[in-house]
Amino acid sequence: MDRLKPRDETLGGAVTANPRLMAQVQESRFLRGITKTPWFLEFVRQYGEQPDLSRNADYDYRKAWAAGIRPEPDPYDNNRYHWPSSLPSGEMLKSPNHPTLWKEQYMRATGENPDAVGVTEAQWQQMQQQVPVRAVINALRKGR
């Protein structure tokens, strides 16, 4: 087990960690932790396979995990676990190819969850093409 522990190396009096070994340890902790979450277990039960946790996935699970973000039950999806679209800073965790990226775009434009108000992706796309986003926001607010 000692070979898995990062060792400090002293170079000219400065103490530095072996970056490659540190990355391996962090990756191991990430995989061990995420595979024990209710989200991961739910995903495997529902789809019969593991989620894509690769660095090329449509979601940056590592960045979310490192920020302490965990999936939470979504009341609009039968309380199935979902990850947030972005970090608290606003930095996106979903890639431009993620199938539900549009929901985050809608929420940023309107301040409302599209699932809560019943807006579909097709409706959102139509709104963007027909009316400037500011007008959409104002119309939605008036409809409350």
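## Working through a predicted model

The side chain of Ser89 reaches the backbone nitrogen of Glu91 at 3.4 Å. Keep in mind that this is a predicted model. Let's start with that serine.

**Exercise 1. Where does Ser89 sit, and is Ser89 buried or exposed?**

Step 1: Ser89 belongs to the loop between E4 and H4.

**Exercise 2. Take Ser86, and work out which residue its side chain joins in a polar contact.**

Step 1: locate Ser86. You'll find Ser86 in the loop between strand E4 (80–82) and helix H4 (101–110).

Step 2: classify Ser86. Its relative accessibility is 15%, and buried means under 20%, so Ser86 goes down as buried.

Step 3: Skipping neighbours within four places in sequence, Ser86 is in contact with Ile69, Glu91, Met92, Leu93, Glu104 and Arg108.

Step 4: pick out the polar pair. The side chains of Ser86 and Glu104 are joined by a polar contact of 3.4 Å.

**Exercise 3. Now look from the other end: which residues does Glu104 touch, and is Glu104 buried or exposed?**

Step 1: Glu104 lies in helix H4, so this is a loop-to-helix pairing, with Ser86 on the loop side.

Step 2: at 11% relative accessibility, Glu104 falls under the 20% mark and counts as buried.

Step 3: with residues up to four places away in sequence left out, Glu104 touches Ser85, Ser86 and Met92. Met92 also turns up among the contacts of Ser86.

**Exercise 4. Describe helix H1: its span, its start and what its buried residues pack against.**

Step 1: get the span. H1 covers residues 19–34, 16 residues in total, and runs 22 Å from first C-alpha to last. That's close to the 22 Å expected at 1.5 Å a residue.

Step 2: look at the start. There, a side-chain oxygen of Asn18 comes to within 3.1 Å of the backbone nitrogen of Arg20.

Step 3: find the buried residues. They are Leu21, Val25, Glu27, Phe30 and Ile34.

Step 4: see what lies against them. The buried residues of H1 pack against helix H2 (38–47) and helix H3 (61–66).

**Exercise 5. Move to Leu41 and find how far Leu41 is from Pro51 in space.**

Step 1: Leu41 is part of helix H2.

Step 2: the relative accessible area of Leu41 is 43%. That sits between the 20% and 50% cut-offs, so the label is partly exposed.

Step 3: Leu41 and Pro51 are ten residues apart in sequence, and C-alpha to C-alpha they are 9.8 Å apart.

Step 4: for contacts, Leu41 touches Thr35 and Lys36, once residues up to four places away are set aside.

**Exercise 6. Check the backbone at Asn78 and Asn79: what is phi at each?**

Step 1: Asn78 has a positive phi of about 55°, although it is not a glycine. For Asn79, phi is near 60°, again a positive value in a residue other than glycine.

Step 2: Asn78 is exposed at 71%, whereas Asn79 is partly exposed at 47%.

**Exercise 7. Which element gives the most to the lining of the largest pocket?**

Step 1: the largest pocket holds about 730 Å³ of space. Of its 30 lining residues, the closest to the centre are His82, Trp83, Lys94, His98 and Thr100.

Step 2: H2, E4 and H4 each supply at least two lining residues.

Step 3: H2 gives the most, with five residues.

Terms used: Residues numbered from 1 in each chain as written. Predicted model: local features only at pLDDT ≥ 70, side-chain atom pairs only at ≥ 80, totals over all residues. Heavy atoms only, no water. Helix = DSSP H or I, 4+ residues; strand = E, 2+ residues; numbered from the N terminus. Expected span 1.5 Å × (residues − 1). Buried < 20%, exposed > 50% of the residue type's maximum accessible area, 1.4 Å probe, protein only. Contact = heavy atoms within 4.5 Å. Polar contact = N/O pair within 3.5 Å; in protein donor to acceptor, adjacent residues only side chain to side chain. 1 Å grid on protein atoms, 1.4 Å probe; cavity = no way out; pocket = protein on both sides within 12 Å on 5 of 7 lines; lining within 4 Å. Points joined across faces, edges and corners; volume = space filled by probe spheres on them.
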